[in-house]
Amino acid sequence: MAIRRKKIEQLIRDLLKRHGVTGAPVPVDKIARAEGATIVSKSLESEFSGFLYRDKDSVIIGVNKSQKIERQRFTIGHELGHFLLHEYDQLHTDRSGFQLRLRSPKSSEGTDATEIEANLFAAELLMPTAFLERELAVGTRIDAIDDEQIAKLAKKYGVSTQALLIKLSRMGYITD
Amino acid sequence: MPRIAEAFYVGLGALVREARLKRKMSQEQLGDAVKLSRTSINNVEKGRQKLLLDAFCKVAIAVGEEPQSFLGRYLESTKSAPVEKQIMELDAQEQQFVRDAIAKSKRKK
């Protein structure tokens, strides 16, 4: 399955518009609820980050509360992505480290494509390209942005600095 | 406990819990009915305590189930439902989390 980047970006633009979100931080939990999901959370000792469950009359997003708040927000975004993009599994569970599996040997298989899509969805939802472009002048290079600025920006968006750096590099603010 | 056996008792415990809540019984009430402490019932529901066959039958009856069909339904569910299969692959704490959430959403209806 090809990664539907354009479709995801369009979906997020519509979503933000529909819920009247014009700036950071994006209220990912409110959006998920408004889209029909119930969010439940619990502290778990394992690396379990969250799950998505759906049947004919309910949609549940579960989040591991023992993980950092930025991580929890990403998980909600990730599961919401599965909900809106992937229709098959009744239950889908996720463990930490799904970002690190981007280039695993299974990459060509469908399961990894859906994980990549859900990650793209979460990243775009929490850090909409249009919002970030407003923050950073055209032509800014990531190595010209100091750590403090990155940390401040990550805090504003409610994301980890790691997630922010990945997003900025995808947007072309970093060059090799 | 080997993982598969652990999963079996976690699953069975969750089913006991579901049946008990359906009857609106407290853990204490169930314990009294089958001569087990509330702590034991809690452990059974979490899959930490394994029931002997006679105790299982008593528990099933106390929560309003026929022991044979209760066990039968459980075995059936582990065999056929993909959701159940997936849940069985999780660790005990994760299973509890997912099962509680699903059970809660079903009770709301």
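User: Are Phe56(B) and Phe70(B) buried or exposed?

Analyst: Both Phe56(B) and Phe70(B) are buried. Buried means under 20% relative accessible area, exposed means over 50%, and partly exposed is in between, with a 1.4 Å probe and protein chains only. This is a predicted model, in which local features need pLDDT of at least 70 and side-chain atom pairs count only at pLDDT 80 or more, while totals for chains, interfaces and linings use all residues. Residues are numbered from 1 along each chain as its sequence is written, chains are lettered from A and ligands numbered from 1 in the order in which they are written, and side-chain values use heavy atoms, with hydrogens and water left out.

User: How many aromatic pairs are there over all chains?

Analyst: There are four aromatic pairs over all chains. Rings of Phe, Tyr and Trp (its six-membered ring) pair if their centres lie within 6.5 Å; planes under 30 degrees apart count as stacked, over 60 as edge-to-face and the rest as tilted. One of the four is formed by Phe51(A) and Phe97(B), which are edge-to-face at 5.3 Å centre to centre, with 80° between the planes.

User: Where do Phe51(A) and Phe97(B) lie?

Analyst: Phe51(A) is in strand β2 (residues 48-55) of chain A and Phe97(B) is in helix α7 (residues 92-107) of chain B, so this pair joins two chains. Helices (H or I, at least four residues) and strands (E, at least two) are DSSP runs, numbered from the N terminus. Phe51(A) is buried, with a relative accessible area of 0%, and Phe97(B) is buried as well, at 4%.

User: Why is the pair of Phe56(B) and Phe70(B) stacked?

Analyst: The ring centres of Phe56(B) and Phe70(B) are 6.0 Å apart and their planes are at 15°, so the pair counts as stacked. The pair links distant parts of the chain, with Phe56(B) in helix α4 (residues 53-62) of chain B and Phe70(B) in helix α5 (residues 67-80) of chain B, 14 residues apart.

User: What does Pro67(B) touch?

Analyst: Leaving out residues up to four places away in sequence, Pro67(B) touches Phe56(B), Cys57(B), Ala60(B) and Ile61(B). Contact means heavy atoms within 4.5 Å. Pro67(B) is found in helix α5 of chain B and is buried, with a relative accessible area of 13%. From C-alpha to C-alpha, Pro67(B) and Cys57(B) are 5.2 Å apart in space, and they are ten residues apart in sequence.

User: New topic. How many salt bridges are there over all chains?

Analyst: Eleven salt bridges are found over all chains. A salt bridge is a side-chain nitrogen of Lys or Arg within 4 Å of a carboxyl oxygen of Asp or Glu. In one of them, the closest N and O atoms of Glu94(B) and Arg95(A) are 2.7 Å apart. That pair crosses between chains, from helix α7 of chain B to strand β4 (residues 91-95) of chain A.

User: Is Glu94(B) buried or exposed?

Analyst: Glu94(B) counts as buried, at 1% relative accessibility. Its partner Arg95(A) counts as partly exposed, at 37%.

User: What about Glu84(B) and Arg99(B): which contact joins their side chains?

Analyst: The side chains of Glu84(B) and Arg99(B) meet in a salt bridge, 2.7 Å from N to O. Glu84(B) is in helix α6 (residues 82-88) of chain B and Arg99(B) is in helix α7 of chain B, 15 residues apart. Glu84(B) and Arg99(B) are both buried.

User: Which residues are linked in a network of salt bridges?

Analyst: Arg17(B), Arg20(B), Glu45(B) and Asp100(B) are linked in such a network.

User: On to helices. At what angle do α2(B) and α4(B) pack?

Analyst: Helix α2 (residues 27-34) of chain B and α4(B) pack at about 125°, with their axes 9 Å apart. Axes are lines fitted to C-alpha atoms, for helices over the stretch in contact, and angles run from 0 to 180 degrees between N-to-C directions. The two helices α2(B) and α4(B) are therefore oblique to each other. Angles under 35 degrees count as roughly parallel, over 145 as roughly antiparallel, 65 to 115 as roughly perpendicular and the rest as oblique.

User: And how do α2(B) and α3(B) cross?

Analyst: The axes of α2(B) and helix α3 (residues 38-46) of chain B come within 8 Å and cross at roughly 105°. They are therefore roughly perpendicular to each other. Residues making the contact include Leu30(B) and Val34(B) of α2(B) and Ile41(B) and Glu45(B) of α3(B).
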